[in-house]
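Please view the sequence and the structure together before reading on.

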Amino acid sequence: MSHVTSKDGTTIAYERSGAGPALILVDGALCSRAFGPTPKLAPLLARHFTVYAYDRRGRGQSGDTHPYSPAREVEDIAALVEAAGGPAFLLGLSSGGALALEAAASGLPITRLVAYEPPYVDDSRDSSDSSDDSGRRGGAAHKERLERLLAEGNRGGAVKYFMKDMVGAPAPMVVMMRLMPWIWRKLEAVAHTLPYDAAVMTGFRIPRARFASIGVPALVMNGTKTDPRLQEAARTLVNVIPAAHHRELAGQTHNVKPDVLTPAVVEFFTAPSATASGRS
C-alpha cells in the first residue's frame, strides 16, 4: 500500500498493480479497495493497465479532512494522476462514475473515462416534484436525511436508509444484510461518507452545463436488467457529453459482474482515437 497527499493535506491510500497505461478506479458509495467490486475488478484490469485502486476519503486507510466538498475528492484524483506520472484513464462505478465525470469536467489530465450507471435517478422528473412515484422525497433531500441520522449517531439507520430509500433495495434484502454482521459492520464503518456521495450526485440531477464541457472521450454504460431510471440517465448523459458513447451490458444490473465489465472497459480504453471519440 502507498499514499499520496491531496491538496488540502489529506492522506489518500492506494494500491498499484499491473503494467501499462495508468487506470484509476473510482468506487461508488460504501465501497473501498477492500470491499465492493474493486478486489475482483482490479486484478482483471491489471492484465492490461497499471491499476490504481484507492480508498476514497473517509474510507479504509485514507484520511478525512473537514469540511467535505466534492472538489476535494477531485483533488484526490488529481494527486493520484500525478502519482501515476501523467494522463490517466478513469473508471467510475455508480456515484464514482459521477465523480469521474466531475473530474473530467474539472480539466484534470484524463485521457478517456468510463462511467457505469451514475445514479441520476431524479434527472427526468420535473424540478417542482418533491416525491417519486412511491411518495418518497426526491434526491435533493437525501443528503439532509442522511446527515440527520448520522448526527443522531444512527449509522445503521443511515445505511438502511441508503439501501432501502435511495437504492430501492427490497426490505427483505436489507434484513438479510443486517443478519450478516461481518458485512454490516463494514457498511456502518463508512456510513459517515454517504452524505459525500449525495453531494457528488448534485441532487441526483445531471449538471448538464457542467458535463457539456467534458472534452475527452467517455463511455457511459448500463445493464439491461437495471432500474429503468438508470438506463435513462445513461442515455441522457451521452446526449450531454460531446464525445460520448453509450453501451448496454446484457443481463447486468447495477451490481455489474467484473468479468462482464472488464472486456468493455479494455475495448474502449485500447481503441484507436477515432473509434473512441464521438457518439454511438
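**Charged side chains and their partners**

In this predicted model, arginine 229 has a relative accessibility of 28% and therefore counts as partly exposed. Its side chain meets that of aspartate 227 in a salt bridge with an N to O distance of 3.0 Å, and aspartate 227 is likewise partly exposed, at a relative accessible area of 26%. The structure holds 13 salt bridges, and some of the others are described below.

- Aspartate 8 and arginine 57 form a salt bridge through their side chains, at 3.0 Å from N to O, and the two residues are 49 residues apart, with aspartate 8 in the loop between strands E1 and E2 and arginine 57 in the loop between strand E4 and helix H2.
- Aspartate 8 is partly exposed at 28% relative accessibility, whereas arginine 57 is buried, its relative accessible area being 0%.

**A pair within helix H2**
- The side chains of arginine 72 and glutamate 75 meet in a salt bridge of 2.8 Å, N to O; because these residues lie three apart in helix H2, about one helical turn separates them.
- Arginine 72 counts as partly exposed at 24% relative accessibility, while glutamate 75, at 17%, is buried.

**Aspartate 197 and its surroundings**
- Aspartate 197, which lies in helix H8 (residues 194-200), is buried at 4% relative accessibility.
- A network of salt bridges links Asp197 with Arg56, Arg59 and Glu73.
- The side chain of aspartate 197 also makes a polar contact of 2.6 Å with that of serine 95, and, leaving aside residues up to four places away in sequence, the residues that aspartate 197 touches include Gly28 and Ala29.

Note on methods:
Residues numbered from 1 in each chain as written. Predicted model: local features only at pLDDT ≥ 70, side-chain atom pairs only at ≥ 80, totals over all residues. Heavy atoms only, no water. Helix = DSSP H or I, 4+ residues; strand = E, 2+ residues; numbered from the N terminus. Buried < 20%, exposed > 50% of the residue type's maximum accessible area, 1.4 Å probe, protein only. Polar contact = N/O pair within 3.5 Å; in protein donor to acceptor, adjacent residues only side chain to side chain. Contact = heavy atoms within 4.5 Å. Salt bridge = Lys/Arg side-chain N within 4 Å of Asp/Glu carboxyl O.
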